[in-house]
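Dear colleague,

I am passing on the structure below, together with some notes on its backbone and contacts. Please read the notes with the coordinates open beside them.

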Amino acid sequence: MTVLPYVVAAWLFLIGLYGIVTSRNLIHLVTCLAVTQSSTYLLLLAIGYQEDATAPIFGDIPMDAEVVDPVVQAMTLTDGVVSVTVSALLLALAVQTHKRAGTLDPNALRALRG
Amino acid sequence: MSRRGRLFVFVAGALGISALFVWGFSGLPDFGVQPSVYGEQLSERAVDERHATNVVAATTFDYRGLDTMIEEFILFSAVIGILLLLRAQRDEEEDAPHDMAESRRPLPTSDAVRVFGLGLIGPTILFGTYVVAHGHLTPGGGFQGGVVLASGLLLVYLAGEFLSFERLAPEKLMEATEAVAAWTYVAVGLAGLVAGGLFLTNFLPLGRIGDVFSAGMIPLINVAVALEVAAAFVLLSDEFLEQAVLVRKRDRS
């Protein structure tokens with residue numbers, strides 16, 4: 001059994017989290033979150049992968065050809081869109097934070113101000 | 001919390017998550033061997049039942065169409081959130097574009113960027129339209145094509161000016177397009193409810209396999225999603241660009 005794709009997915013998840021925890025800049029933090037989210041794409045696609053199979057698009061291939069799982073591919077598509085929207089929303093928050101606090105360093109944002 | 005303390009908490013948490021990963025992954029199917037029963041069923045049936053050769057599109061917009069509709073509204077509400085967050089605040093005012101550092105002269109866009117940008121606008125829009133229109137046949141679809149279409153509009157900004165970009169894709173028009181397109185998806189679902197008795201039931205002729213006008217309602221939903229995504233991405237870029245060139249704090253002026 002090949003475990004490498006699963007190991008890489010777990011590694012991407014953890015290294016992204018490490019980046020978030022140690023981040024000194026909110027823009028960097030959003031990018032780290034994108035890395036964390038990309039682990040889910042890899043995990044989904046790895047689950048659907050099948051050796052010697054092709055993409056589930058029957059334009060040019062015979063109907064009985066072996067194809068990889070289309071369900072996880074549709075889920076990965078969804079996942080990517082959600083990832084982009086989350087990043088955009090967080091970047092908008094970062095813009096506002098910089099306007100209010102004058103800094104993007106999360107360590108410098110100590111107290112809540114009204 | 002100090003940096004060291006935070007790192008310690010992270011390492012402890014990461015070890016716990018790793019243990020959960022090992023436990024969870026050991027229950028997964030072996031890599032590259034069996035497809036899921038659901039996936040296998042879809043691959044076998046989608047072409048016959050839906051006349052769509054792209055099974056991923058058939059899964060996204062037909063078999064799991066309700067999930068995709070909800071996901072589309074995640075994008076919709078995120079854009080509303082960003083519009084709210086980045087609107088001009090009480091202590092700011094919108095201003096004609098100019099550089100914040102008075103001594104710095106803005107660099108003019110190079111001629112190469114202008115020429116290639118202008119030349120790419122047409123092909124990009126054409127390619128985006130192709131990706132959307134053939135979403136049910138070949139790789140692509142509303143989400144991918146919508147992003148390509150939005151980048152075609154953004155090339156106007158790259159090749160020209162922010163103001164011509166705003167004239168070409170006015171905010172009000174983009175907001176209306178986004179809302180109408182998002183609700184078109186719901187309307188297609190409701191039409192299926194009326195015609196077929198179930199939400200998102202196909203009510204259009206299936207056509208001949210491989211034709212652009214085939215696969216029932218999938219191309220229609222693809223177009224709706226493409227317009228929604230394109231308008232959403234243009235609005236997003238517009239809002240962020242406005243932050244850079246238009247809004248500044250009153251106390252700095």
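In which loop of chain B is Ala215(B) found? Before the reply, please bear in mind that this is a predicted model. Ala215(B) sits in the loop of chain B that runs between helix H8 (171-196) and helix H9 (218-245), and its phi is near 65 degrees, a positive value in a residue other than glycine. Most residues other than glycine have a negative phi. Ala215(B) counts as buried because its relative accessibility is 2%, where buried means under 20%.

A positive phi also occurs in chain A, where Asp52(A), although not a glycine, has a value of about 60 degrees. Asp52(A) is likewise placed in a loop, here the one between helix H2 (26-48) and helix H3 (70-101) of chain A. With a relative accessibility of 77%, however, Asp52(A) counts as exposed, the cut-off for that class being over 50%.

The remaining notes concern Tyr18(A), which belongs to helix H1 (residues 4-22) of chain A and is partly exposed, its relative accessible area being 38%. Which residues does Tyr18(A) contact, once its neighbours within four places in sequence are left aside? They are Leu7(B) and Phe10(B), so named with the letter of their chain. Within chain A, the C-alpha atom of Tyr18(A) is separated by 9.5 Å from that of Thr36(A), a residue 18 positions away along the chain.

How values were computed: Residues numbered from 1 in each chain as written. Chains lettered and ligands numbered in written order. Predicted model: local features only at pLDDT ≥ 70, side-chain atom pairs only at ≥ 80, totals over all residues. Heavy atoms only, no water. Helix = DSSP H or I, 4+ residues; strand = E, 2+ residues; numbered from the N terminus. Buried < 20%, exposed > 50% of the residue type's maximum accessible area, 1.4 Å probe, protein only. Contact = heavy atoms within 4.5 Å.
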